[in-house]
Amino acid sequence: MEVKVSVKGIPRVVCGVTEETTCQDVVLVLAQSLGQPGRYTLREKFKDFERCMTPDERLLETLKKYGEQAKEVQLSLQHSGLSAWDEMGKVKVGRYQPYERTGYRCRIPDEADLKKIGMATATQSVVKRT
């Protein structure tokens, strides 16, 4: 199945979405296509209701809850800035710095990782402009 996601105001189509596909899977594929490090979230918007989706949430399961109105749900990729690891690389104050872990860092998957979860890569038309 294909799902439309707005990325920086540009509608994109993510192919290969199945019942088992999580929001994190979609975010990783879109982040890979952008090639920008950082933290990303998938946002769901329906009329006046808007929220960040959880990484382990099954995308199609959530959309099915809307029934026939599922086509009105708008999904968008939100860039939340740099991860804590990226921020650490920028700051150079003193030899030792206390570090508080505020999030987790995930790497952008390569083609082998994407094949394991059953999704195509950006070079295989995962993300298409509409």
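## A term to start with

A polar contact is a pair of N or O atoms within 3.5 Å; within protein, one must be able to donate a hydrogen and the other to accept it, and residues adjacent in sequence count only if both atoms are side-chain atoms.

## The model

This is a predicted model, where local features need pLDDT of at least 70, side-chain atom pairs count only at pLDDT 80 or more, and totals for chains, interfaces and linings use all residues. Residues are numbered from 1 along each chain as its sequence is written, and side-chain values use heavy atoms, with hydrogens and water left out.

## T62 in helix 2

T62 sits in helix 2. Helices here are DSSP runs of H or I with at least four residues, strands are runs of E with at least two, and numbering starts at the N terminus. The side chain of T62 makes a polar contact with the side chain of E57, at 2.6 Å.

Is T62 buried or exposed? T62 counts as buried because its relative accessibility is 6%. Buried means under 20% relative accessible area, exposed means over 50%, and partly exposed lies in between (1.4 Å probe, protein chains only).

## The nonpolar core

The largest nonpolar core has 21 residues. Such a core is a set of buried Ala, Val, Leu, Ile, Met, Phe, Trp, Tyr and Cys residues joined through side-chain atoms within 4.5 Å. V5, L42 and L59 have the most contacts inside this core. Helix 1 (23-34) is among the elements that each supply at least two of its residues. Helix 1 gives the most, with five.

## E2

E2 lies in the segment before strand 1 (3-7). E2 counts as partly exposed because its relative accessibility is 47%.
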